[in-house]
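Hello,

Here is the structure I said I would pass on. My notes on it follow below.

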Amino acid sequence: MHQAVLLTEAIEALAIRPEGLYVDGTFGRGGHSRAILERLGPAGRLLALDRDPAAEAAAREISDSRFRFVRTPFSRLSQVIEAPVNGMLFDLGVSSPQLDDPARGFSFRHDGPLDMRMDPQQGESAAQWLAHAEQQQLQRVIRDYGEERFAKQIAAAIADARGREPLLRTRQLADLVAKAVRTREPGQDPATRTFQAVRIHVNRELEEVSLMLPQAVARLAAGGRLVLISFHSLEDRIVKRFLQSLARPDVPRGLPLRAAEMPLPSINIVGRPQRASDQETRRNPRARSAILRVAARTAGTFQPNSRIEPGARWRN
């Protein structure tokens with residue numbers, strides 16, 4: 001069974017109003033959605049999004065007139081939401097069912113087709129990208145998205161290996177990386193960072209987050225909550241810097257203003273970042289890297305294009 005990470009903390013952070021309108025932007029297998037529905041009254045509504053067809057199939061199991069599912073990436077949020085909403089929850093990154101299914105090709109722990117797409121019907125697979133990407137691009141993606149210090153050696157090994165035979169299976173790639181990586185932290189598989197990097201690139205994960213964030217803030221009603229759960233540093237860096245930028249009034253530098261004349265920021269950051277408890281990480285080790293951040297929309301104005309460039313700034 002899929003275990004929703006930081007379930008209690010995320011639902012509490014939403015501060016759910018029984019009659020409110022809410023969005024679960026990463027439905028997965030519906031753990032967070034079911035918990036939200038339990039808090040909603042008869043007039044409440046929940047819209048869930050996900051680009052994975054397996055998530056769409058799981059959503060059909062919820063027969064509740066207050067619930068609606070749309071299969072779409074959350075970067076298209078503004079295309080499916082018109083009315084202001086009272087809260088949004090995004091559990092970013094890959095889900096446990098995706099990792100655990102060898103046919104999806106996300107994990108090096110099971111041999112399977114080298115796919116890694118969150119939507120297997122869209123875009124090119126990991127195998128297709130690895131077959132044609134230039135060695136310099138391979139190195140850059142593995143270095144930047146995987147924070148891999150042996151990116152140069154791994155990229156060279158991939159370029160050499162694919163000249164002999166196509167890289168089509170997860171075990172092929174994992175074995176190849178293991179030979180190219182000289183040392184690794186205790187307890188971490190040599191292929192961990194490379195698989196993360198390829199997956200992030202194939203699914204445009206950081207670009208998706210960068211595109212979603214301003215749309216989410218723009219669609220929140222005053223007082224509405226934005227709850228975000230990140231699982232790796234690159235993702236969390238985008239979220240953290242975006243929220244921090246909106247929590248400051250948007251005032252041109254050097255403009256003399258009294259405190260009473262300062263405009264409202266677009267959001268207020270709520271509390272401190274939260275991590276999973278020791279009890280939860282023992283039960284679900286994948287919760288160990290999760291970070292939950294919360295923001296509340298103010299009545300301040302917000303211009304979506306003024307604060308973030310899609311896919312930019314995350315490297316800094």
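His-132 touches Glu-124 and Arg-162, if residues up to four places away in sequence are not counted. With Arg-162, the separation is 30 residues in sequence and 9.3 Å in space, C-alpha to C-alpha. His-132 is found in helix α6, and with a relative accessible area of 48% it is partly exposed. Please keep in mind that this is a predicted model.

Next, helix α7. This helix covers residues 135-146, which makes 12 residues. From first C-alpha to last, α7 reaches 16 Å, close to the 16 Å expected at 1.5 Å a residue. Just after α7, Glu-147 takes a positive phi of about 50 degrees.

Which residues of α7 are buried? They are Leu-138, Gln-139, Val-141, Ile-142, Asp-144, Tyr-145 and Gly-146. The cover over these buried residues includes α6 (126-132), α8 (151-162), α10 (192-203), α11 (205-219) and α12 (233-246). As background, an α-helix has 3.6 residues a turn, so residues three or four places apart point the same way.

One of the helices covering α7 is α10. The two pack at an angle of about 105 degrees, with their axes 8 Å apart; α7 and α10 are therefore roughly perpendicular to each other. On the α7 side, the residues that meet α10 are Gln-137, Val-141, Ile-142, Tyr-145 and Gly-146. Their counterparts in α10 are Arg-193, Thr-194, Gln-196, Ala-197, Ile-200 and His-201.

On to the nonpolar cores. The largest one has 63 residues, and Met-88, Phe-90, Ile-158 and Leu-226 touch the most other members. What does Ile-158 contact, leaving aside its neighbours within four places in sequence? The contacts are Leu-130, Leu-138, Ile-142, Leu-167, Leu-173 and Leu-176. Of these, Leu-138 and Ile-142 are also among the buried residues of α7. A second, separate core has 29 residues, including Ala-35, Ala-59, Ala-276 and Ala-287.

Last, the aromatic rings. The structure holds 4 aromatic pairs. One of them joins Phe-27 and Phe-67, with 5.8 Å centre to centre and 45 degrees between the planes, and is tilted. This pair links distant parts of the chain, 40 residues apart: Phe-27 is in the loop between β1 (21-24) and α2 (31-39), whereas Phe-67 is in strand β3 (residues 67-71). Both Phe-27 and Phe-67 are buried.

Phe-27 also pairs with Phe-69, here edge-to-face, at 5.6 Å centre to centre and 75 degrees between the planes. Phe-69 lies in strand β3 and Phe-27 in the loop between β1 and α2, so the pair ties together parts that are 42 residues apart in sequence. Phe-69 is buried, as is Phe-27.

Regards

Notes. Residues are numbered from 1 along each chain as its sequence is written. This is a predicted model: local features need pLDDT of at least 70, side-chain atom pairs count only at pLDDT 80 or more; totals for chains, interfaces and linings use all residues. Side-chain values use heavy atoms; hydrogens and water are left out. Helices (H or I, at least four residues) and strands (E, at least two) are DSSP runs, numbered from the N terminus. The expected span of a helix is 1.5 Å times one less than its number of residues. Buried means under 20% relative accessible area, exposed over 50%, partly exposed in between (1.4 Å probe, protein chains only). Contact means heavy atoms within 4.5 Å. Rings of Phe, Tyr and Trp (its six-membered ring) pair if their centres lie within 6.5 Å; planes under 30 degrees apart count as stacked, over 60 as edge-to-face and the rest as tilted. A nonpolar core is a set of buried Ala, Val, Leu, Ile, Met, Phe, Trp, Tyr and Cys residues joined through side-chain atoms within 4.5 Å. Axes are lines fitted to C-alpha atoms, for helices over the stretch in contact, and angles run from 0 to 180 degrees between N-to-C directions. Angles under 35 degrees count as roughly parallel, over 145 as roughly antiparallel, 65 to 115 as roughly perpendicular and the rest as oblique.
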